[in-house]
Amino acid sequence: MAASTHTVTNQVPPLVGYDVFANDRALTEAVERHLAPGILREAQEELSTLGRAAGSAQAQEWGAQANENPPKLRTHDRYGHRVDEVDFHPAWHRLLGHAVTAGLTDAWGREGGHVGRAAGFLVWTQAEAGHGCPLSMTHAAVPALRTDPALAAEWEPLLTSHVYEEGLRPAPQKAGVLLGMGMTEKQGGTDVRSNTTRAEALAADGEYLLTGHKWFCSAPMSDGFLVLAQAADGLSCFLVPRVLPDGARNPFALQRLKDKLGNRSNASGEVEFDGTWARRVGEEGRGVRTIIEMVAATRLDCVVGSAALMRQAVVQAIHHSAHRSAFGGLLIEKPLMRNVLADLALESEAATTLALRLAAAYDADTEQERAFLRIAVPAAKYWVTKRCSAVVGEALECLGGNGYVEESGMPRLLREAPLNSIWEGSGNVQALDVLRALQREPGALDAFLREVGKARGADHRLDAAIKDLLTELADLEAVEARARRLVERMALVLQGSLLLRWAPPEVADAFCASRLGGDWGSAFGTLPHSLDLATVVERARAGES
């Protein structure tokens with residue numbers, strides 16, 4: 001029987017068929033700002049190609065399928081032999097293959113490579129975030145492996161390849177490989193120096209057998225893993241291949257997969273090593289120092305990934321408000337909703353601008369920029385990743401009840417939002433890392449202050465915030481208890497400085513008035529009513545083709 005009780009009206013069309021890159025003004029301007037003219041045009045074309053793919057119905061379907069069909073662990077084959085494999089839905093492999101082909105594991109050694117890759121990662125993560133884990137670790141492993149030139153010569157070309165090959169085979173037999181990481185253990189968590197996994201040296205130089213476990217092993221179907229274990233001279237870094245050169249499986253017993261809040265498409269497992277063959281990376285007893293550059297690079301990806309989630313959430317909220325009518329007009333035209341959307345847009349643009357500035361510092365690779373990153377990366381990781389959950393939750397609310405149902409895609413974003421704040425060291429770890437840099441590396445603070453000082457005099461609220469920050473920094477006695485407050489302030493001052501230099505006046509004015517000037521409430525949508533909020537919202541809106 002045909003339904004005749006009502007006609008469906010006032011429903012929002014899906015946001016699909018648009019260029020995720022080209023419609024993001026904050027991102028496109030950052031790419032243009034940070035890339036040299038000689039490589040800019042080609043990078044823009046590549047990013048727009050990736051942006052159109054990310055905004056397509058096909059990519060959106062892949063993202064939904066990969067999360068609706070989470071990975072499954074197969075410990076044994078039908079005959080009882082251990083295989084320790086994880087089966088993924090085909091959509092996972094399509095997402096991962098597209099990302100690798102787009103060069104999202106290839107940044108090191110290329111002019112503008114980090115800016116281009118960060119922009120691409122921000123774009124493609126908006127299609128689906130879970131598969132970003134192996135992409136991030138593969139990219140970040142390069143500086144750690146470079147501590148051993150022989151290992152780097154063997155593995156780096158495969159890590160930076162634009163070819164994705166699924167399945168486990170000896171790495172030299174593949175055109176491209178992925179790398180995972182296993183650092184934390186049951187008894188220690190972030191305190192990796194308490195790890196109990198043992199490494200026993202073999203006769204061949206640099207070769208060991210590992211015995212122990214890892215409580216979190218990310219992306220367990222990767223071709224290799226960087227892990228920490230206790231050798232004769234202390235905690236050391238090792239490369240563990242899944243498949244040995246002769247084709248035999250390296251002992252790598254997957255006990256179970258984690259049942260996670262979000263990140264459902266990605267596998268995170270618990271693994272046992274029992275006579276597992278490994279090659280040492282770097283010197284014995286210097287494992288943390290060896291792997292620290294990998295950790296820093298993945299922390300930057302936490303910032304970029306959170307910026308991506310924020311951007312997608314804000315775009316969906318603005319799109320919904322531009323098509324949904326209530327109380328006699330479109331939601332986007334209502335002053336109160338416009339205030340909420342503008343507030344969210346400020347947070348998103350500040351995150352994107354900061355993320356790309358950090359990527360540009362990696363590309364510059366000068367002593368000054370390395371010192372800047374030493375403080376700026378953990379400060380940004382602390383603040384941006386924490387803001388992500390708040391932004392996504394408020395953006396979901398903009399869709400009302402429609403945002404609370406799975407079909408909208410917003411619940412998946414909300415479940416994903418806390419991850420980057422936890423991964424690679426939670427908030428306290430980042431705050432303490434900033435304190436260590438302040439206390440041990442005066443050049444890092446000098447580089448940070450030089451950066452924020454580039455906008456000094458442009459806005460009285462920034463000037464006042466810098467003055468207050470300097471007062472806080474002058475007294476580092478018993479600073480641990482106020483470390484979060486200090487690092488939050490540092491991140492906000494840095495974001496304000498960057499927006500004053502590079503964002504439109506309406507954006508910078510609204511950010512400084514609220515985040516630095518104190519003219520802000522305790523929830524989104526409490527910006528000063530006198531600001532030009534319509535311009536801020538329109539700048540953040542994604543166009544539809």
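Here are some numbered notes on the predicted model above, point by point.

1. Ground rules. This is a predicted model, with local features needing pLDDT of at least 70 and side-chain atom pairs counted only at pLDDT 80 or more, while totals for chains, interfaces and linings use all residues. Residues are numbered from 1 along each chain as its sequence is written, and side-chain values use heavy atoms, with hydrogens and water left out.

2. Strand β6 and its partners. Helices (H or I, at least four residues) and strands (E, at least two) are DSSP runs, numbered from the N terminus, and two strands pair if DSSP finds at least two bridges between them. On one hand, β6 runs parallel to strand β3 (residues 179–182), joined by four bridges; Met 181 has Leu 226 as its bridge partner there. On the other, β6 pairs with β7 in the antiparallel sense over eight bridges, and Val 227 is bridged to Phe 238 in β7. As for cover, seven of the eight residues of β6 are buried (buried is under 20% relative accessible area, exposed over 50%, partly exposed in between, with a 1.4 Å probe and protein chains only).

3. The core. What does the largest nonpolar core look like in numbers? A nonpolar core here is a set of buried Ala, Val, Leu, Ile, Met, Phe, Trp, Tyr and Cys residues joined through side-chain atoms within 4.5 Å. The largest one has 180 residues, and Trp 124 and Leu 226 have the most contacts inside it. Helix α8 gives the largest share of this core, at 19 residues.

4. Aromatic pairs. I get six of these in the structure, where rings of Phe, Tyr and Trp (its six-membered ring) pair if their centres lie within 6.5 Å; planes under 30 degrees apart are stacked, over 60 edge-to-face, and the rest tilted. Tyr 208 and Phe 238 make an edge-to-face pair, 4.9 Å centre to centre with 70° between the planes. Tyr 208 is in strand β5 (residues 207–218) and Phe 238 in strand β7 (residues 234–241), so this pair ties together parts that are 30 residues apart in sequence. Tyr 208 and Phe 238 are both buried.

5. Phe 225 and Phe 252 are stacked, at 4.9 Å centre to centre and 25° between the planes. Phe 225 belongs to strand β6 (residues 224–231) and Phe 252 to the loop between β7 and β8 (253–257), so parts 27 residues apart in sequence are tied together by the pair.

6. Charges over rings. The cut-off is NZ of Lys or CZ of Arg within 6 Å of the ring centre and within 35 degrees of the ring normal. Arg 117 has its charged end over the ring of Phe 121, 4.9 Å from the centre. Arg 501 lies over the face of Trp 502, 4.3 Å from the ring centre.

7. The β1–β2 hairpin. Strands β1 (residues 72–76) and β2 (residues 82–87) pair in the antiparallel sense over four bridges, with Arg 74 opposite Glu 85 in β2. Five residues sit between the strands, and Gly 80 takes a positive phi near 95° in this hairpin.

8. Cysteines. How many disulfides are there? The count is zero, taking a disulfide as a pair of cysteine sulfur atoms within 2.5 Å. For Cys 398, the closest cysteine sulfur is in Cys 388 at 15 Å, too far for a bond. Cys 398 is buried at 6% relative accessibility, and Cys 512 is buried with a relative accessible area of 0%.

9. Two histidines. His 114, in helix α5 (residues 113–125), is buried at 8% relative accessibility. Setting aside residues up to four places away in sequence, His 114 touches Ala 107, Trp 108, His 139, Ala 359, Tyr 362 and Asp 363 (contact means heavy atoms within 4.5 Å). His 323, in helix α8 (residues 287–323), is partly exposed with a relative accessible area of 26%. The C-alpha atoms of His 323 and Val 12 are separated by 5.6 Å, although these residues are 311 residues apart along the chain.
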